[in-house]
Amino acid sequence: MNKVQHYINGQFLDSSCGEFFDNINPMNGQLLNKVALGREDEVNAAVAAAKAALTGEWGQMKLNDRIAMMYEIAEEIDRRFDDFLEAECLDTGKPYSIARHIDIPRGAANFKVFADTMKAVADEAYRMDTPDGKIAMNYSMRKPKGVIAVISPWNLPLLLMTWKVGPAMACGNTVVVKPSQVTPSTTSLLGEVMSKVGVPAGAYNVVQGKGSITGNLLTAHKDVDAITFTGETKTGEMIMNACSKGVRDVSLELGGKNPAIVFADCDMDKAVHETTRSCFANSGQVCLGTERVYVQRPIFDEFVSRLKESALKLKLGIHNDDSVDMGPVVSKTHQDTVLKYYDIAKKEGANIVLGGGVPKMEGELANGFFVEPTIWTGLPEDATVVKEEVFGPCCHIAPFDSEEEVIKMANDTDYGLASTIFTENLDKAHRVASQIDSGIVWINSWFLRDLRTPFGGMKGSGIGREGGHHSLEFYTELKNVCIKM
Ligand code: NAD
């Protein structure tokens, strides 16, 4: 692929003004392809196509046919697995070892799960007595919300985009997707899948472009009925503002600064294994990652040295080497951001247990945007890297003494997305889980996802829950019908 285009009303298109921007391979800093930059013409055309499709062939499709089509989309993603894998890994720099097991299979699963959810949805019904001695029956029905703008980030591009497109389409909505400008390819590739399986034109549209241009135009468009967004909290605030115009619904999945809590009675092997994943997987670019690790004092030194030993085994390298655990971070801009935080940690007096800089890479990878897996100790709780989301392969480890103290430390954050707890004491696990202010709590595990469960964050980590039938609350309007008999 040497250019990535928009997909509007069933057609692949360049921008009307012919503008493109560069998509850079984060593994070597080389140009991967040129991406069409969407402006007013493309956003207007995509929203108009999505609006028309609501009453066209797509809008008139029977539920069973729509559900069957969701399955066909998933099956076509599976058939084109290798194309999606390569495109995703080249855009993000993530290794096959991650994308093969997480990103691409979840991209397909997001269509099947929400097709199943839609099939199983039950409507409410209530019989009531009327004041004149008769009876009335109330029943609820769901209606698609309309044109949904889907704005997605770069860390898990296909997975997070389909997490919204899957339920939105299963509910009968039409979508206009604006993927991150850094990872445009798999969203465009999904357009090929939609064409192949015969999804009616206008149901799935993609406008490529930058957040400050294309994203802004899309969120401000009056014919967009609701916006679902995953990304940074600051961007989420802007999008929420845009939604106030026209009183449109918004779902926000935002940043995190998630705690991992390791009690002295944990299974140490399990805690080290899972915390290695939660700090360094996907080069730390996971909203659910645990950049704050709290370890009970009796096992503090042992845990720090075991986590260091485990992180030292992570192999950095190129995506198609199956022995590689970690790729670069996604862009030069993001590498600079992460390295800026590494410098701040040093200046604020962190004890650097591991890493803290740029690793030495060989050959073309020397120009890639790699950063070292990094572990700090010794910072106070108000230090910058303990407070702010770095979104890189790093963590700060702090000791604690009591359960009460660690709950306070864990909750002392503006975010509330996820947390992990390691203990072999069941009572303690439940007790602590119930007191942590986060939308998701994992006990003795991390990133175990059942797609039927509610997913979302508290505080600055977002608004609303998606997943299973919770997604239907956002992607449909509920209507009550009352019949007097
Ligand atoms: P970002 O907010 O910079 O960008 C996300 C998307 O918003 C991109 O498509 C971008 O182009 C677009 N955008 C930017 N400015 C916009 C504007 N003014 N109007 C409309 N659209 C705009 O986020 P990112 O850097 O791509 O992703 C990383 C962030 O996402 C981290 O904070 C991470 O924690 C968060 N995240 C959260 C979840 C979750 O489920 N809660 C999942 C993944 C990532």
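Biologist: How far apart do the C-alpha centres of domain 1 and domain 2 lie?
Modeller: This is a predicted model, where local features need pLDDT of at least 70, side-chain atom pairs count only at pLDDT 80 or more, and totals for chains, interfaces and linings use all residues. Numbering runs from 1 along each chain as its sequence is written, and side-chain values use heavy atoms, without hydrogens and water. The chain is divided into domain 1 (3–254 + 459–484) and domain 2 (258–443), with bounds from an automatic or database domain assignment. Their C-alpha centres lie apart by 31 Å.

Biologist: How much area do domain 1 and domain 2 bury between them?
Modeller: Buried area is the accessible area (1.4 Å probe) that two parts lose on being put together, summed over both. Carbon and sulfur atoms carry 58% of it here. The total for domain 1 and domain 2 is about 2300 Å².

Biologist: Which residues in domain 1 lose the most area to domain 2?
Modeller: Three residues together make up 28% of what the domain 1 side buries. They are Met27, Trp154 and Lys459.

Biologist: Which side chain has a polar atom 2.7 Å from an oxygen atom of the ligand?
Modeller: A polar contact is a pair of N or O atoms within 3.5 Å. The side chain of Lys178 has an N or O atom 2.9 Å from a ligand oxygen. At 2.7 Å, the residue is Gln181.

Note on methods: A polar contact is a pair of N or O atoms within 3.5 Å; within protein, one must be able to donate a hydrogen and the other to accept it, and residues adjacent in sequence count only if both atoms are side-chain atoms.
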